[in-house]
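Reader: I am new to this structure. Please show it to me, and then take my questions one at a time.

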Amino acid sequence: MESIKIYLTLFAISMKARMEYKTSFLFYIFAILTFYAGQFGLLFILLNRFHQIKGWSVGEMVFLYSLQAFAFGFTNLIFSQLVNFDKMIVDGEFDRVLVRPLSPLGQVIFSKFEVSTAAHLIIGSTALYFGSRYGNIEWTFYKVLLFPVIVTGGVLIAGGIRLMVAAVAFWTLRNRSLVHTVIFSSKEFINYPVDIYNVGMQFFLTFIFPIAFINFYPAHYFLDRSGTGLLHPALEMGTPIVGIIVITVSIFSWKAGVNHYQSTGS
Amino acid sequence: MNPKLFIKFVSVSFQKQVTYRFDCFVGIVNGFLYVFIFTSLWKALYSQFDTTTHNGYTLTAIVTYAILVMAVRISFTMDDSIIYRKVMDGSIAMELVRPTSFFFMNLAENVGHSLFHMMARTVPIVIISVFLFDIYIPFEVQRLLVFIVSFIAGYILVCMMNFIAGLLAFWFIEIFPFLLFKYAFYTFFSGGIVPIDFFPEFLKPIVNLLPFQYMLYYPTTILIGRASLVEAQSIIIAQLIWIVIMGVICSLMWGAGKKKLIIQGG
């Protein structure tokens, strides 16, 4: 209990630090929104010309995007420090974390608050509204109930992947480019419905690097598209389970990393 | 700036890149990931229609465009936060007392960086793509020569864009949001993902007012044979006009920035 209080204090401090420059904060949010607007704009140009992508209409694509925006928004909030984790190792800052009587993972996670989450939530909510409207989603009781569960599952998947790739730094020290590719570039895969890729890639994004569970599979359920995907319909409900598996595996690899860790001595 | 010194700076910057060999391998994977995503996307879009040509592009032509525009873009890789870091750590002061032009020194640093990425990433990605995808490049000596001129002009424009964005560090403490804006505009308006031919009519006047299409879109259309050699001439003239315009902006900003420069002690 006592440690939870300390985590919350850490969290509050980092939040205060970020809010210190209010204009810069708002400007940053605006820049992120512009970035996504650009990405979205290109998608609209394509859909305007081609009407749909493999049977996914504009509304359905927007809904796909909203699930992704929510999942990555909350992932950024919680797991943001892991993006630059290798710097903590290289600078020797991680040594400080180890000597404190708190879980190293907890300290790392609560040491940074990422403002981009606000931007993601704006995008996610807007996309959810338009996606529901033009994707003709009938919001039944179960769908409303399941939505946060699916988003949580997505956060566990995306966060677990971040944790795992951050843990690589325990062995390799600097791993910035790997982190960039695995965390940011790979997101690009699920900007589009996963069934546009060849079977091998679909298999990869389902079973090996399971980001298809963040939006593609659960979207089938919300959009009542059951049976149109390549694989078994049961996968539509797989997100929470896959999330738990990914986060468990990643915590184990993190712990293995901490045990293996030898300070750089800097 | 004397050419010998320029080449010296280029080679130092090139060698700095060579030290990160693992990063380079990941960089190839990262570039190929984008090639894979966008070729899959175009194939999916085209497969929905019986017509084989859209906005003047056959499937082979659009796949070729997607691969080569990415190849050009990767060749243009440079570190856009060099100036920002120099302002932050105060080493910009050293640049001010040097007898060489800051712009050309910055250019040399970028060229070294980009040459490395061209050899270590662009070349392997293009070779792999030639084997994996159905692509068509017209091999005419004259065309290739004209392309190289247009490619270099595009490169200078990208350098100038980054220089302008970097100089903002003289006025603002935080420039990351500006870099994000720049990235968003560059990605959208340069044709780096969707060629300008697919843009709706109402966007074309805006595209034509901005320099971005001369960075990636036009050089690529020359390479893939979409622009005739006569058209290529007017493309290169337009590129030169933009180099002059942006050059004036660069030197005005540099002049004003030098006076404004505030260095945080440190």
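Author: A crossing is left-handed if the near helix is turned anticlockwise from the far one by less than a right angle, and right-handed if clockwise. Helices here are DSSP runs of H or I with at least four residues, numbered from the N terminus. This is a predicted model, in which local features need pLDDT of at least 70, side-chain atom pairs count only at pLDDT 80 or more, and totals for chains, interfaces and linings use all residues. Residues are numbered from 1 along each chain as its sequence is written, with chains lettered from A and ligands numbered from 1 in the order in which they are written.

Reader: In which hand does H3(B) pass H10(B)?

Author: Take H3(B), residues 59-75, and H10(B), residues 217-224. Their crossing is right-handed.

Reader: Which helix gives the most to the side of chain A that touches chain B?

Author: Contact means C-beta atoms, placed from the backbone, within 7 Å. By that rule, 28 residues of chain A meet 26 residues of chain B. Helices H2 (22-50) and H10 (176-184) of chain A each supply at least two residues of that side. The top contributor, with 15 residues, is H2(A).

Terms used
Contact = placed C-beta atoms within 7 Å. Axes fitted to C-alpha atoms, helices over the stretch in contact; angles between N-to-C directions.
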